[in-house]
Amino acid sequence: MAGQRKYSHIARTYDILDLPFEYLRYRPLRPTIWSGLDECCRILDAGIGTGRNMDYYPAGVEMVGLDLSPAMLARAAVRRRKTGTAVHLVEGNIIATPFADDTFDAVVSTFLFCVLPPDLQLPALRELARICKPEGEIRILEYAISANPIRRAVMKLWAPWIRFAYGAAFDRETEQYLATTGLQLVARRFLHADTIKLLVARQPLVPAPSDSDL
Ligand SMILES: C[S@@+](CC[C@H](N)C(=O)[O-])C[C@H]1O[C@@H](n2cnc3c(N)ncnc32)[C@H](O)[C@@H]1O
């Protein structure tokens, strides 16, 4: 599998390669992604990578981290030990996870969908919808290509490197697939300029029966 091969090659250097982005851009955003999930019992960090979200997991919640790459999971295991984070690490593909229906109270993925090729976007969203409880939130942090001409041009210059280094793209159309999955987009917010956005989706609420329905 291309994604697995890519990440098995870069796992050892991933944190160093990504360091400037992590400190200058991602780290300030991560607390927002995890905020308000303290009431959950069980949360999935989908595409956990080297475990960069670990510092922000809500306290007292049973955490599970899934990743396709054993090499990235090995780095996550090192971070788990160093930080004393309680997280169960699972090797698996996000399009066919080993979890039963409605396993999680919330599912969070940061920079996973930008790595998934277009043909995997829909199956991955369907899988998240299956394993997340109907009332649970699915939070997806992703890149978007900027509408600002200068920023857009810079992103286009970077794009070949991003594809080569991470197998990622800035212009995945994850949001467009949500309706097809039956998921409802409940929030959409840019957290960095107009280039990193948080999508929050969930199953549509089934209206309570009115008196006339009974
Ligand atoms: C760009 S990294 C993001 C890591 C982490 N979430 C973060 O915010 O730093 C993407 C991760 O997704 C994983 N990945 C790629 N394809 C996957 C798939 N089909 N199923 C599960 N994980 C996958 C990669 O192995 C990699 O660890």
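Predicted model: local features only at pLDDT ≥ 70, side-chain atom pairs only at ≥ 80, totals over all residues.
Which residue in strand 7 is the bridge partner of leucine 185?

**View 1. The hairpin of strand 6 and strand 7.** Strand 6, made of residues 184–192, and strand 7, made of residues 196–202, run antiparallel and are joined by seven bridges. Within this pairing, leucine 185 has alanine 201 of strand 7 as its bridge partner. Three residues lie between the two strands of the hairpin, and alanine 193 is found in this loop. The phi of alanine 193 is near 40°, which is a positive value in a residue other than glycine. Alanine 193 counts as partly exposed because it has 13 C-beta neighbours inside 10 Å, a number that falls between the limit for exposed residues, 12 or fewer, and the limit for buried ones, 20 or more.

**View 2. Strand 2 between its two partners, strand 1 and strand 3.** Strand 1 and strand 2 run parallel and are joined by five bridges, and here leucine 44 is paired with valine 64 of strand 2. Strand 2 is also joined by five bridges to strand 3, residues 87–91, and these two strands again run parallel. In this second pairing, glycine 65 stands opposite leucine 89 of strand 3. Five of the six residues of strand 2 are buried, so this strand is largely enclosed by the rest of the structure.

**View 3. The shell of residues around the ligand.** The ligand has 21 residues around it, and those that come nearest are Gly47, Gly49, Ser69, Ile94 and Thr110. Sorted by class, the shell holds 12 nonpolar residues, seven polar ones and two charged ones. Helix 1, which covers residues 2–17, and strand 2, which covers residues 62–67, each supply at least two residues of this shell.

**View 4. Helix 5 and the elements that cover it.** Helix 5 runs over residues 118–131 and has 14 residues, and the distance from its first C-alpha to its last is 21 Å, close to the 20 Å expected at 1.5 Å a residue. Its buried residues are Gln121, Ala124, Leu125, Glu127, Leu128, Ala129 and Ile131. Among the elements that cover these buried residues are strand 1 (42–46), strand 4 (104–110), strand 5 (132–143) and helix 7 (174–181). The loop between strand 4 and helix 5 contains phenylalanine 111, which has a positive phi of about 55° although it is not a glycine. Phenylalanine 111 is partly exposed because 19 other C-beta atoms lie within 10 Å, whereas a buried residue would need 20 or more.

**View 5. The buried side of helix 7 and the face turned away from it.** Thr174, Leu178 and Thr181 are the buried residues of helix 7. They cover an arc of only 75° around the axis, which means that they sit on the same side of helix 7. An α-helix has 3.6 residues a turn, so residues three or four places apart point the same way. The buried residues of helix 7 pack against helix 5, strand 5, strand 6 and strand 7, while the face turned away from the buried side carries the exposed residues Gln176, Ala179 and Thr180. After helix 7 comes glycine 182, whose phi is positive, near 90°.

View 6. Glutamate 91 is 49 residues away from isoleucine 140 in sequence, and the two C-alpha atoms are 20 Å apart in space.

**View 7. Proline 70 in helix 4.** Proline 70 is found in helix 4, which covers residues 70–83. With 13 C-beta neighbours inside 10 Å, proline 70 counts as partly exposed. Between proline 70 and leucine 185 there are 115 residues of separation in sequence and 32 Å in space, taken from C-alpha to C-alpha.

How values were computed
Residues numbered from 1 in each chain as written. Near = placed C-beta within 6 Å. Helix = DSSP H or I, 4+ residues; strand = E, 2+ residues; numbered from the N terminus. Nonpolar A, V, L, I, M, F, W, Y, C, P; charged D, E, K, R; others polar. Expected span 1.5 Å × (residues − 1). Contact = placed C-beta atoms within 7 Å. Pairing = 2+ DSSP bridges. Arc of directions from axis to C-beta.
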